[in-house]
Amino acid sequence: MSTVGIVMLVHTALDRAEQVARHWVAGGCPVVLHIDKKVPKSTYSAFKAAFAGEPMVRFSRRHRCEWGTWGIVAASQSASEMMLAQYPDVRHVYLASGSCLPLRPVADLVDYLAARPRTDFIESATTADVPWIVGGLDVERFTLRFPFSWKTQRFLFDKYVNLQRRLGIKRRVPDGLVPHMGSQWWCLTRQTLSAILEDPERERYDRYFRKVWIPDESYYQTLVRLYSSNIESRSLTLSKFDFQGKPHNFYDDHLQLLRRSDCFVARKIWPHAERLYSTFLGDNPDAMKGTEPNPGKIDRIFAKAVERRTRGRPGLYMQSRMPANGSENGVTCNPYSMFQGFSELFENFEDWLTQATGAKVHGHLFSPDAVEFADRQTLINGALCDSTSLRDYNPKAFLTNLIWNTRGERQCFQFGPQDNQAINWLVARDPNAQVSVISGAWAVPLFRSNKNFSELRREAARLQQIEAKHIEVLRSRHVKARVRIWTMAEFVESPMEPIQTILDEFGAQTQRHLNTAPTMVDLAGFGQFLQNLKNQGMHPYLMGDFPAEQGPLNMPKPSRKPYLVR
């Protein structure tokens, strides 16, 4: 008879629980099974009959177990009392669940505990030292009453907690007890466990803990401090929790990870993880190394998994962790450029910029009439199509998806006051964005159009109002993008200097020498057009101090003196 007894709390996947129980028995360990009272009687009877005639398996009195309630503690008490009474040779009692899986040969655990006959393995820390409470109560779980289930009676639970707070009701912790918390999965010596279960004050302690929230994480963890002479404040069961306090499930692809932990037992194992069960419950005695359990060896992997789930990769948005505004891990994943007014002021600006930088240069991606992808494609990386309806359903996601799906390639696009303005703040607070604005250039297409002047004046007033709001956003103290704004008057006075400054930021992607320069549209008569707007009562101030008489403007010919991009 082994000196280690196993108490198993089972509520689901009874076929797996039977498989694990037989593995413990095959290793010489007696097993006491507690089957949740919520399991149908017929199912329980069939499960119990499967162990008929097995002297090393017992079934304890059934309790109704629900998360966070006393029933789980009562179940462990009944099963532990039966273990101590039926198997006098047992020196350590190991508490496990039906979803626990032994990772090492049973003999390893027996030898490990035999070498530590008076050591109790139970996580036990005061509330001030517990870092893992997520969205729950710490000290209040011991000073308030919790007669209602948090899961099935949430409304009553919250109302009763708030009522006790308003009335200032506080429970008194029994004399001599200092509340401790920890994992519910422990391994206690017979001496310590029997002292807890046979204490003359047990009725008083039980009465107090019945109304403590999640007592299975505090009952034994507190009382063990009264009786144990040697506590190892750790669990021998590998149990990992995510950032929401929910336990991780282990699947078949976690096989090597579980082996690396060197732990004796792990939970929770997915019931259909056939590879895990067949590997660790097989006959191979060398499945794990006979070393000290060290779950810390895999903590780094779990920490990375939590970070990936909560923060994700920069610029990647996922349904499972859609962030609040400003809480995402990077607005976008790659540098990109937004040009405002350039395609209006220069002929074939997109083709010229593509040739000069090698970047992917799009037209007006957010135009009300079309999504102008580079080369006028209708579908690009990531199955982004040129549908304006899909784009306008979520313009911000459209842009971030475009940058993500084309990462590694610099994206540039044209923008203006006639476009969808929903992306203004997203671009403004994105450190990856390079924004270049020639304010007032939207007036050039109006100047060159063949519309009635009254209609032009109304449209000019509307576009100027939109661009003014956009520029206000770009000049906010919250802006993180690289922003440059020129009035149209100052830009046309000396256009090559700002163009070269912009291209310098493209780095290695740009040509070292500019062999060609963008050709500016003919602005003859544009100054008089602006004066006419003023005469009609509209003040076009975003263009700057543009002269009333402006002759044709042409870029210097680069063939005589090429412009150097440093």
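The questions below concern a pocket and the aromatic contacts of a predicted model.

Q: Which element gives the largest share of the lining of the second largest pocket?
A: The second largest pocket has a volume of about 360 Å³. Of its 15 lining residues, Y317, M322, K396, A397 and L426 are the closest to the centre. The largest share, 4 residues, comes from α16.

Q: How many residues of the lining of the second largest pocket are nonpolar, polar and charged?
A: Tyr, Met, Ala and Leu count as nonpolar, whereas Lys counts as charged. Among the residues closest to the pocket centre are Y317 and K396. The lining as a whole divides into 8 nonpolar, 4 polar and 3 charged residues.

Q: Why is the pair of F339 and F342 edge-to-face?
A: The model holds 38 aromatic pairs. In the pair of F339 and F342, the ring centres are 5.2 Å apart and the planes stand at 80 degrees. Planes over 60 degrees apart count as edge-to-face. The angle of 80 degrees therefore makes the pair of F339 and F342 edge-to-face.

Q: Which residues form one aromatic cluster with F339 and F342?
A: F339 and F342 are both buried. The cluster that contains F339 and F342 also takes in F346, F349, W352, W486 and F491.

Q: Over which ring does the charged end of R410 sit?
A: A charge sits over a ring if CZ of Arg is within 6 Å of the ring centre and within 35 degrees of the ring normal. The charged end of R16 sits over the ring of Y277, 4.1 Å from its centre. For R410, the charged end is 4.4 Å from the centre of the ring over which it sits, that of F506.

Definitions and conventions
Residues numbered from 1 in each chain as written. Predicted model: local features only at pLDDT ≥ 70, side-chain atom pairs only at ≥ 80, totals over all residues. Heavy atoms only, no water. 1 Å grid on protein atoms, 1.4 Å probe; cavity = no way out; pocket = protein on both sides within 12 Å on 5 of 7 lines; lining within 4 Å. Points joined across faces, edges and corners; volume = space filled by probe spheres on them. Helix = DSSP H or I, 4+ residues; strand = E, 2+ residues; numbered from the N terminus. Phe/Tyr/Trp six-rings, centres within 6.5 Å; stacked < 30°, edge-to-face > 60°. Buried < 20%, exposed > 50% of the residue type's maximum accessible area, 1.4 Å probe, protein only.
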